[in-house]
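Trainee: I am new to this structure and would like to know how its labels are reached. Please take me through some of them.

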Amino acid sequence: MRSIFVAVALSSFATACAAPQQPEPAPAAPDKAPETMPHHHAHDAMQHRFDDADKWAKVFDAPERDVWQKPQHVIELMGIESGWTVADIGAGTGYFMPYLSAAVGPEGRVLPIDIEPALIAHIERRAAEANLLNIAARLAQPDDPGLDPSSVQRVLIVNTWHHIGNRTAYATKIAAGLAPQGALYIVDFTLETERGPPPAHRLSPQDVIAELAAAGLDASIVEETLPDQYVVVGVRR
């Protein structure tokens, strides 16, 4: 669930989120969240690569993750209706893809979005093998999710928001891609949990709410919480 991009494109993010000269860690244990997640990852600075999708799938898609990530519960919180179009930004190896595919039904569409070509290819193979015909994976740029205007009813971003540079500008682009009353759901690690990134790299839900509000979204924290994470929703005004 992580991605590669050119560090120069997000040098401000690299400075803020990447510890300089930090060696590449070994893959995280399956029941732990990796320190960093896909999408806007300053990975040149942190020396991470995610072009070996099969290797990372063993970590990101490990069954033990279901215990704390609770994917079906997350989908239920989103209130997805059959026939909708839903984007999964920072989709990585496609962990949420089968759940989203079932939620939108055969008439809907799921857009797994990532910036690592190898991960997009992995998602496409996975969708074909599972005969998920409503999947349309997209390769995006680090600073732009590439959503068509007013085209999606829901956007999901899991374990990724704290890695995005210039988050308000990025949220503004997501807001433009939301249909009227469409919503962005951000799932990220609490300040207290032992999972996820180092504490200095985490965001409080209040920080996320402020960023989404600055992008023109009506933002609030979802009352239901996950064991190690919060869920913030931003609704297009």
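Trainee: Which residues do ring pairs link into a cluster?
Mentor: In this predicted model, Tyr-95, Phe-96 and Tyr-99 are the residues that ring pairs join into a cluster.

Trainee: What makes the charged end of Arg-65 count as sitting over the ring of Tyr-95?
Mentor: The charged end of Arg-65 is 3.8 Å from the centre of that ring. The distance cut-off is 6 Å, and the charge must also be within 35 degrees of the ring normal. Arg-65 is listed as sitting over the ring of Tyr-95.

Trainee: How many aromatic pairs does the structure hold?
Mentor: There are five. One of them joins Trp-68 and Phe-189.

Trainee: Why is the pair of Trp-68 and Phe-189 called tilted?
Mentor: Their planes are 35° apart. Under 30 degrees would count as stacked and over 60 as edge-to-face, so the pair is tilted. Trp-68 lies in helix 4 and Phe-189 in strand 5, 121 residues apart.

Trainee: Are Trp-68 and Phe-189 buried or exposed?
Mentor: Buried means under 20% relative accessible area. Trp-68 has 4%, so Trp-68 is buried. Phe-189 has 0%, so Phe-189 is buried too.

Trainee: Why is the pair of Trp-161 and Tyr-170 called edge-to-face?
Mentor: Their planes stand at 65°, and the label needs over 60 degrees. The pair is therefore edge-to-face, with ring centres 6.5 Å apart.

Trainee: How do you know that Trp-161 and Tyr-170 are buried?
Mentor: The cut-off is again under 20%. Trp-161 has a relative accessible area of 0% and Tyr-170 has 1%, so both count as buried.

Conventions. Residues numbered from 1 in each chain as written. Predicted model: local features only at pLDDT ≥ 70, side-chain atom pairs only at ≥ 80, totals over all residues. Heavy atoms only, no water. Phe/Tyr/Trp six-rings, centres within 6.5 Å; stacked < 30°, edge-to-face > 60°. Helix = DSSP H or I, 4+ residues; strand = E, 2+ residues; numbered from the N terminus. Buried < 20%, exposed > 50% of the residue type's maximum accessible area, 1.4 Å probe, protein only.
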